[in-house]
Amino acid sequence: MSVDEAIRLRRSVRGFLAREVPEATLREVFALAQCAPSNCNVQPWTPHVVSGEKLKRLREALVAAGMRDEPIKPDWPADGKFTGVYRERQVGAAQALYGAMGVARNDTVGRKMAYIRNHAFFDAPPAVLIFMREPFDTREAADIGMYAQTLMLAFTARGIASCAQGALGLFPDIAREHLEVPNHYKLLFGISFGYEDRDVEANAARVDRATIDDAVRFHR
Ligand SMILES: Cc1cc2nc3c(=O)[nH]c(=O)nc-3n(C[C@H](O)[C@H](O)[C@H](O)COP(=O)(O)O)c2cc1C
């Protein structure tokens, strides 16, 4: 698969088969992602890959916290700062997803259950939670974005689907406790991955993009 094809094919998948990702493939992809660029080559990412019993227990704890409506305690504020066109895009993405799932806008229970699927890692058999140590901040987070996309494209090229999830960073204390991660490692987001379950309605959701003319300013 060419790089162009992988970039175009990758999309967020929110429903996975129980089929495991082979250990060799997992190692190959994470080795490849180490090639991601970073400021001064500091490589500020600390990914924790979790599967099996550990993932089952973490999933249960996160779903329970979500179902109890426990107040979120993210390491970085997760408040809604989207206005104007950004808000329109956010709403558009939500409509695409809830539309595919058949969840109406005023169906608060349906929306909550759809959201909780995040905490269940969309049934993915493995996931990666990406931590960043203190005092790293915005600059290093940009490096981690590059790392994450490298990872997801490498997955795509191997027929493995993924979904980056800020929602997995809303209860970082639970994640740190389960994975025995020290407090000075802050949780940015997670990525669920595995083989797409094409029968999951959410996986029919598609979102578009602004055109190049809307997005890019060329200076000469
Ligand atoms: C850092 C990051 C966090 C995200 N968090 C979530 C999330 O919590 N839940 C979710 O369902 N999708 C999440 N997404 C997926 C976005 O909604 C998705 O990338 C966007 O709508 C574009 O769709 P596409 O990935 O299918 O191209 C996240 C994506 C990124 C890059």
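Student: Before we go on, what am I looking at?
Tutor: This is a predicted model: local features need pLDDT of at least 70, side-chain atom pairs count only at pLDDT 80 or more, and totals for chains, interfaces and linings use all residues. Residues are numbered from 1 along each chain as its sequence is written, and side-chain values use heavy atoms, with hydrogens and water left out.

Student: OK. How many residues does helix 3 have, and what does it span?
Tutor: Helix 3 covers residues 52-67, which is 16 residues. From first C-alpha to last it reaches 22 Å, close to the expected 22 Å. The expected span is 1.5 Å times one less than the number of residues.

Student: Which of its residues are buried?
Tutor: L55, L58, L62, A65 and G66 in helix 3 are buried. Buried means under 20% relative accessible area, with a 1.4 Å probe and protein chains only. Down the axis of helix 3, the buried residues fall within an arc of 95°, so they line one face. The arc is taken from the directions from the helix axis to the C-beta atoms.

Student: What do they pack against?
Tutor: Strand 1, strand 2, helix 5 (108-119) and helix 7 (172-179). Contact here means heavy atoms within 4.5 Å.

Student: How many bridges join strand 3 to strand 4?
Tutor: Five, and strand 4 is residues 185-194. Within strand 4, G190 is the bridge partner of Q165.

Student: And the core?
Tutor: The largest nonpolar core has 22 residues. Such a core is a set of buried Ala, Val, Leu, Ile, Met, Phe, Trp, Tyr and Cys residues joined through side-chain atoms within 4.5 Å. F30, I130, Y147, L151, I191 and F193 have the most contacts inside it.

Student: Which helix gives the most to this core?
Tutor: Helix 6, with seven residues. A second, separate core of 18 residues includes V50, L62, I174 and A175.

How values were computed. Two strands pair if DSSP finds at least two bridges between them. Helices (H or I, at least four residues) and strands (E, at least two) are DSSP runs, numbered from the N terminus. Buried means under 20% relative accessible area, exposed over 50%, partly exposed in between (1.4 Å probe, protein chains only).
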